[in-house]
Amino acid sequence: MGDSHSGSSDEVARNPIAPQGMGSVGEEAASNVVGGGSGTGPLGSAATPAASTPAATTSGLSGSKRSRRTSWVWNHFTIVNNFKDEQGIDIGQRAVCHYCDTHYKCLSNNGVGPHGRHLQKYHADKIGNASDSNFVYSKEKMRHGLALYVAAAEQPFTFGDDIRFEHFVQNCLNPSFAKVSRNSTRSDTKKAHTEVKKDLISELATVGAIGFTSDMWSGINNRGYICVTAHYIDSSWTLQKKIIAFRLVEFPHDAEQIFESIMSVFRDFEVLDKVYSITFDNHSANTATLPLFTRNLTTPYFGQLLHLRCVCHVINLVVQDGLTHIAPQISKIRNAVLFIATSPSRQQEFDKLCTSLYNLKPKNMNSDVQNRWNSTYIMLKSCRKYSDAISGYVNQRYRPCRGSPLTQADWEIGFEFMKFLKVFYAATVGCSGVRYPTSCIVLHHLFNISVNFRRHREHPNFAHACIDMEGKFRKYYEEMPPIFMLAAVMDPRMKLQGVNLLLRTIGTNLGITTLPSSANVYDLLTSMYAKYDSKFRSNAACTAAPLPSSRSTNDEFWDFVSSNLGSSTVTSRIELDKYLDLESVDENDRRDFDVLAWWKINEVKYPILSIMARDLLTPPVSTVASESAFSAGKRVLDERRSRLAPDILDCLICLKDWEDARLGIQKRSAKDEFRGYFADSDIDSD
């Protein structure tokens, strides 16, 4: 009659509805509870938790032996003698749940596994973290955790040596805690880095292709550091990003030195045979390393797509050429904002003016960084509602440009150009993502940029700007990098037809005649697929149906046919054609679509093509993942820690990234770092 949670009616019984004329089992048993003390809960006023009474330690039906019941489950079960089942039959001593009428055997040799599983399955909200009651303090574990926290939270090594922190932990968390010295935390950090690094090396050994990004950074101590970041898709089709090195690079920072530094990282992490791509910015020294990598790397992934130029850096070069054409207007707006922001008294006067005359909330004004076009874009965006207030205040007290007032025409040109730059900003943000594939979305953003040029090139204020910007754009993309096309084909929303449409439209919008045709892309696709088929067909053959038993294994004819054709050769061509001919993703699902999730579902259907897709979707198209580490580097290697040893800095930066990845708090997209600087509730509106 009862509902058994342990799988055996002898072990457990449950009586959600008592028979007519009887109370619940727990209520009926209350008069027989061991100890007979008062209590609360579903057992009635007589129910007493076992741990609260001496008799609760009774073990066995005879009661002759006594042992302490120390398990956490006894905080949630009451031991009842002479327990009566649903028919009113005395079945002896049972452990009854506080929250329902489920009861279990409670002999000492039965264990408490069923009890714990019942609580965790049916009453998890009432027991919280059941393991807390079994917690055993470990000084070694504490020091390891403290080292990880210090690195991940960017705290000083003296964090655990503070007497106030010791007092807090001892009095509020664990009285066994003793403060940890600075040197101990420092050595614990190196030890933790070594341990986690070993796990990461083991993880990297199990994955296929790895895409790398690398960039150089100069710290407050005027020494150069190189950051190397690994990007890979794991067995669950989740894109992972891990900073694997943040190391000092000796002068000169030329191609040979950069090459040796990166190669030492590859050797250290045992990934020399897994390098699929390396994404650099436009620095000449980085470009000069490519022949060195080509000669010294022998990858199993054919090395055809080794070099990627950072898309975000190319967009920056394109936009900078356009900004020079509206420099006078931008300069006047920038100087006006600086005039307000650089004086507390003027900022206060401006706030009062906004409130009293323009009915606007007070706003802290911040200027842009002149060599970062995205900061100029966000500065203009943050000024939209305040243009009249800024002009009204500044023109009375200061002339932004050699006595020339800030006019409405200046704002109109600035805001028009801001709208023109919106598509470039969206492309920068989209291509700088680190938790989703970016190689398959570049054509999407390049298409939007080409449409933007077509729409604005006749605008009187943007005609000259568009000429220069389009020229720079064509310089980098009139020969389209193959990976952008191949990866886009691996997006089920696009495939070959979609890629051909994008290339044709981009070429038409920008007058580029050298972009590949559909036939060229197909030839490139099938050529690369043939290599994957040749390399991985044996894996697919293992899952293929066996030959009919009538074919003798001693027949040389069938051996010859199998070795030269193989069953997977036919199926592999069908596999590629099947994917290309497959109907595209439904129009309603295209915007919110997870490419990796689709391939995860269809991995069995396309065993070889899925390997190729995994590799093509892995490479990042920007170096923002490496550059974001430099922000952490500035915080760690600050004025107070400018003499931090290079190996310790490497430990701290890597550990922080690895901990953030473990906790799932890595940023999905590297949003512009200036967004917090230009804090504004309206910053994301159109």
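This is a predicted model: local features need pLDDT of at least 70, side-chain atom pairs count only at pLDDT 80 or more; totals for chains, interfaces and linings use all residues.
Residues are numbered from 1 along each chain as its sequence is written, and side-chain values use heavy atoms, with hydrogens and water left out.

**Entry: the sheet**

I took helices (H or I, at least four residues) and strands (E, at least two) as DSSP runs numbered from the N terminus, and I counted two strands as paired if DSSP finds at least two bridges between them. I found an open sheet of five strands with mixed pairing, in the order β9-β8-β7-β10-β11. Its edge strands, each pairing on one side only, are β9 (239-248) and β11 (307-309). From one strand to the next the twist averages 25°.

I then followed β8 (residues 224-233), which runs antiparallel to β7 (residues 210-218) and is joined to β7 by eight bridges; within β8, V228 is the bridge partner of S214. Nine bridges join β8 to β9, again antiparallel, and these two strands form a hairpin with five residues between them, where W237 in the turn has a positive phi of about 60°. Taking buried as under 20% relative accessible area, exposed as over 50% and partly exposed as in between (1.4 Å probe, protein chains only), I noted that eight of the ten residues of β9 are buried.

**Entry: a helix pair**

I looked next at helix α25 (residues 624-636) and helix α26 (residues 646-663), which pack at an angle of about 130° with their axes 11 Å apart. The axes are lines fitted to C-alpha atoms, for helices over the stretch in contact, and angles run from 0 to 180 degrees between N-to-C directions. That angle makes α25 oblique to α26, since angles under 35 degrees count as roughly parallel, over 145 as roughly antiparallel, 65 to 115 as roughly perpendicular and the rest as oblique.

With contact meaning heavy atoms within 4.5 Å, I listed A629, A632, G633, R635 and V636 of α25 against L649, L652, I653 and K656 of α26.

**Entry: K656**

Leaving aside its neighbours within four places in sequence, K656 is in contact with A151, A152, E154, A632 and R635.
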